[in-house]
Each structure stands twice: as C-alpha cells, then as structure tokens.
Amino acid sequence: MNPLRLGFIPLSDCAVLAVAEATGTFRRHGIEAVLSREVSWANIRDRLAVGALDGAQMLAGMPLAAAAGIDPVAEPTVTALSLDLNGNAITVSTELWARMVEADPAALATRPITAAALRRVIDEDRRHHRSPIRLAMVYPFATHNYELRYWLAAAGVDPDRDVELIVIPPPRMVEALTRGGIDGFCVGEPWNSLAVERGCGHVVVTKYEIWNNSPEKVFAVTRRFAEREPEQHQALLRALLEAAAWVDAPENRPAVARILADPRYVGADEALLGASLSGRLRLGPGGATATLPDFHVFHRYAANFPWISHGIWLLVQMLRWGQLASPLDVLATARGVYRPELFRAAARSLGMPVPEIDLKTEGTHGAPWILRGSEGSIEMGSDQFFDSRVFDPNDVVAYLAACEIRSPQLDLAALAARNR
Amino acid sequence: MQPPIRVLIVDENAGRAGLIEAGLVQSGCEVVAQLMGRADLQAKINEIQPDVVVIDMECPDRDTLEDMSRITRTQPVATVMFVDRSDSESIRAAVAAGVSAYVVGGLSVERVRPVLELAIARFTQFQALQRELASARSSLEERKLVERAKGILMKSRGLSEDEAFHLLRRMAMDRKTRLAAIAREVIAAAELLL
C-alpha cells in the first residue's frame, strides 16, 4: 500500500506531526506516513483536493470555510483532532511601539495590553491624513485574522476601516516589518521571536492573553479518506494523540526544538524555537523575557478535542467580518466538520479520559477547572477572553448583536431564522 | 480587436519564467512583469494592475493572492479570483505541474483559461527537462563508478576489462541490486583494504 501523505507548514505548531514522524510513532501504530513540507495554506488545500495529500495540518478555519462554501476549492475536509492551543502573538514594529508608548503609556502598563494605545496612534494619523496603519496576518480564514480583529475591535478599532489588513506568508513577515511595508503582524512562532531578535519588532499581546487556551491548528483529512479508511484514520489519530502527549511534556520541549530545527521540518534556529516552546518569550529587543507556561499547549486541557463550540466560534467570526454573507446553521455546519465521536474512539483506545460534551461556553472559566469525562476527570485551563466577554455557542445571534463593530452585511434576522 | 491580456509572472526560477514569457508573448499576451516572490506582492499588483497573475506554487506568496478577493473599505484594491474555481480537472493539472493562476479585476475566466493552460504546459515541460538533466547527470556518475570498480578488479584479480565487467554484473544480479551500487561497494572495500 502507498504511504499516507500528510502536509504541514514549517511553524512551531507542526510539532505533533513532525514528532510523530521523527520518533517512529506512526510506524508503531501500523501506519506508513510521509510528511510533505508545504509553503502555503492554499497549496495544502489544493493538494488535499486533488488527492496529492491524504491529511494535513490546517488552520482551524479552513475546513469550516470549505463547508460553508466560501473557499474557492471546496473539497470537504473533516477534523477529529486539534493539534494545539495558543501559540501566536501580535507584534508591531519598534517604530509603532514607540508611538504607542508616547500616545498612551498607561494603556501599555498592564497586561494583557489592549489596542487602546494603538487607537490613539490611528486617531492621530487620521487627523494628519496619513495613510492607515498596515497589519499583516497569514490567511483569510486564519485564527490570526480573527484574533487580530477581535483584539482591535475590543478597543473600538474597526479592522476594515481604521487599519489595512493584508496577508503575508510567515517567512516573509520579518522582512516586511524591516522594510517598512507593514507596521505589525499576527503570526505563529518562531516569527515573533525572530522579529524581536532582529531588533525590529515588539510583541504586544499573545494569543493566549487574547483568549486563554484558544483553538489553533487542526489535523484534517478529506471526508473521502475518513469514510473510506476509517481504520487508518483511527490509527493516525492514535499516533498523533500519543505524539501530542509527548510534545506537551515540558521536559520534552528541548527535544522538540531539536527535531523542528531540522530543515526537513521548520529549519529555524534551535535556540529560538526552544525558547518559545519552553514558554519563554522575549517581548522586545533588549527587553525582559516573559514566562508563559501555556504559550504552546499541545495536549493538556483536552487540547486535542475537536470542540464543536470552537468551530462555531470560528464560523461566528466569518459572519461578524462579512466573509460569510449568507446566513447558515452554525451548529450543523460545525458538526459536519468537527468529529468528536471519532476523537473519542481513538482516545478511549489509548485509555485517555475524554470529554462527554461537545460544546462548552467559552469565557466563563477564569482559572483552571475540572471537566468530568468518561474514564476520569480532565484538568482544564482557563478559557477567558481578555475583554471578559462570554461566548455561548447556543446563542450566536445574541452574541453577534452585542458586537458593536461588525460587517454591515450581517443580517441578524436571517441568521436567527436559520439558528433556532 | 481586444487588447492583449496583461500577465504578471511570479516565479522563483528565472529560467522557467523566461520559458513561460516566451510562450505567452507568442500567443499574443503581454507580460507586464516577472517577479520573484516578495513581501510587498499585494502593493505591486495594485501598482502594475495585471489581468492575470501566474504563480509558481513553491512561492508562499500564493496565500497573499488568496486574500485579495476581500473588499476593504479603506482603499480600492484589485479583486483577485482563483482561476479554476469550478474546474477540478484543471486544478488537478495545475497542481501536478506546480503552477497556479489568479484573475485580477473583471476579466472572464474563459478568456484567461488559455493563459493557465499555457503555464501548465510550460511548467510540465520544465519539470521534464529538469528530470532528464538529473538522470543524465546521475547516469554519468554511475558510469564513472563502474569504470573505477572495473579498474580495481582488473588490478587486484588480474582480470581483463570484459571479465571485470561480467563479474560486477553477476554480483549485481545475484544480490538483486544495481550495477552502480555494487561498484560503490567494491570501491569502498578497496579503500578500506588499501
């Protein structure tokens, strides 16, 4: 039989896939799998669509966008496993940081830092008729896009009117920041750390701070593969779960950095990769190093569970920002993509405790908490948003109605009709 | 007469870009620029205003084009559309060849399809050329190895050139491996012993 081909993008959070291959975990679970290093999310999508890949690391929004019919190549993909939580950050140029410090030092004194200081800079630029601040993220359906927008909007900055948002691939971010093409970005590691090391960027806020333990990448396969090869799919999930548990252990993180430093995987400096993987993030050139033990979460807190509520949150962002113009049933769409029952089967066969619920209210736990699951209880992390908002996946219309800044295209009445 | 289709080529490989440009110009297109992947691709597209962007799939900048269909309220930007939205066969061909194309502005997909087809053909042609070159290079390497191994056997066992070659071939057949692999072993063993 031909080996399975699994795509990934060279980023710190390809760790679970890289480790599963490098440590022979796939083979131990009876699978022949070959990883394929890809350079763009569009390539991953297209190679899955034509069958050149069987599965891949994907931005959590990508399978949902395809299911909602807003991605040009809509090969249906499903996910039964999340690869990680957190792991991104918003970094601005040292010039913009200096302007923020000047504009509103008080707003930068307490963490999590809000966009209040940035808003003052934007207001000043508008008064002087200067061109808008330009910020980059990595893909239209990327979590990076949504967390950047969430963070801006919470401070009253309209991401579609007050700034210019563009897409730049991660390996070009630091170059774009140095050459002055952009003023800031939201990206995964090691690119924030690299900008700080090069002396051109300052980390303003991490994804963890914006929304504690929020979803990041997923492992997706084509629906075709999931239906035709359920046994292989289960074996893949078991291998990835085992690898995720290994990657998550703090004592293994230096070894993870060593594996990722290999040019076959990320090919970046081992020390740079190791720092943020071990929860140490230098926030500014010559500045202090912050200790953020949950900067990267790969397994604990039920991180690998495909929460339907996470899928709904992402669909709600697509609605909020006008990517999804026609109303849809968010629960049914998320259920078509996220497959908790497949996760449970794999986790149970490894004796791991699994959540019995598919949805949870996000933003109500400000501290670690215990989730009762089958086969034992699960220690969960905080799931708070930095602006203290609560996301109830069963009432998305009320949630969107309370968003002051949102796409004018959003028709709440029509959405309500589809989500009773 | 319709004005020629204005094409922007984004390719890390200048040789291949030249090949595509020649083909496009021959078929009546105007190639407005050839670029390597770059951080300011979006600004460049807004400046150049091509009708079509042909992009090498090895450029991470493809994701930048994926986002350009979004309408922003700050300033008018070129609208970009993936050429092969509805046509799975052309996606397959494009992915296999390693090239992708995007329509900028309002040009109909039908009018630009020949551009994509030409790009696919040239990418495939280039791939075949690279493969031929690589296999020619490796067969030359292999011939050199076999010559050296033959020389070692002739000297150490007092064989004629023909006998040395037949011995190597028999060893390769017995062990179900390639002649070059056996030659490499003979050379390694000789280096170890001498």
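Before I get to strand pairs: two strands count as paired if DSSP finds at least two bridges between them. I'm also keeping in mind that this is a predicted model.

**Entry 1: strand S7 of chain A**

I started with S7(A), residues 133–137, and its partners. S7(A) pairs with strand S8 (residues 163–167) of chain A in the parallel sense, and I count five bridges there. One position I looked up in that pair is A:Ala136, which stands opposite A:Ile166 in S8(A). To get from S7(A) to S8(A), the chain runs through helix H7 (residues 143–154) of chain A, and the β-α-β crossover it makes is right-handed.

Then I checked strand S9 (residues 184–188) of chain A. S9(A) is also parallel to S7(A), with two bridges, which meets the cut-off of at least two. Here A:Leu135 has A:Gly184 as its bridge partner.

Is S7(A) buried or exposed? Five of its five residues are buried, so the strand is largely enclosed by the rest of the structure.

Next I went after the cores. In soluble globular proteins, nonpolar side chains tend to be buried together. The largest nonpolar core here has 186 residues, and the members touching the most others are A:Val16, A:Leu240, B:Val52, B:Val53, B:Val54 and B:Val115. So which helix gives the most to this core? I found helix H12 (residues 230–248) of chain A, with nine residues.

I followed up on A:Val16. Ignoring neighbours within four places in sequence, its contacts are A:Leu83, A:Leu240, A:Ala243, A:Ala244, A:Val247 and A:Phe298.

**Entry 2: two domains in chain A**

Chain A comes divided into domain 1 (4–86 + 215–269 + 298–349) and domain 2 (88–210). Taken over C-alpha atoms, the centres of domain 1 of chain A and domain 2 of chain A are 27 Å apart. Their contact uses 18 residues from domain 1 of chain A and 15 residues from domain 2 of chain A.

On the side of domain 1 of chain A that touches domain 2 of chain A, helix H4 (61–67) and helix H15 (308–320) of chain A each supply at least two residues. H4(A) gives the most to that side, with three residues. I sorted that side by class and got 10 nonpolar, six polar and two charged residues.

**Entry 3: chain B and its side of the interface**

Chain B next. I get seven helices and five strands, and the order along the sequence is β-α-β-α-β-α-β-α-β-α-α-α. Of its 194 residues, 35% are buried. For contacts in chain B with a separation of 6 or more, 61% are between residues 24 or more positions apart.

How many residues of chain B are in contact with chain A? I count 21, against 29 residues of chain A. Helix H3 (62–67) and helix H4 (88–97) of chain B each supply at least two residues of the side of chain B that touches chain A. H3(B) gives the most to that side, with five residues. By class, the side of chain B that touches chain A holds six nonpolar, four polar and 11 charged residues.

Methods:
Residues are numbered from 1 along each chain as its sequence is written. Chains are lettered from A and ligands numbered from 1 in the order in which they are written. This is a predicted model: local features need pLDDT of at least 70, side-chain atom pairs count only at pLDDT 80 or more; totals for chains, interfaces and linings use all residues. A nonpolar core is a set of buried Ala, Val, Leu, Ile, Met, Phe, Trp, Tyr and Cys residues joined through C-beta atoms within 7 Å. A residue is buried if 20 or more other C-beta atoms lie within 10 Å of its own, exposed if 12 or fewer, and partly exposed in between; C-beta atoms are placed from the backbone. Helices (H or I, at least four residues) and strands (E, at least two) are DSSP runs, numbered from the N terminus. Two residues are in contact if their C-beta atoms, placed from the backbone, lie within 7 Å. Domain bounds come from an automatic or database domain assignment. Ala, Val, Leu, Ile, Met, Phe, Trp, Tyr, Cys and Pro count as nonpolar, Asp, Glu, Lys and Arg as charged, and the others, Gly among them, as polar. A crossover is right-handed if, with the strands pointing away from the viewer, the path from the first strand over the helix to the second runs clockwise.
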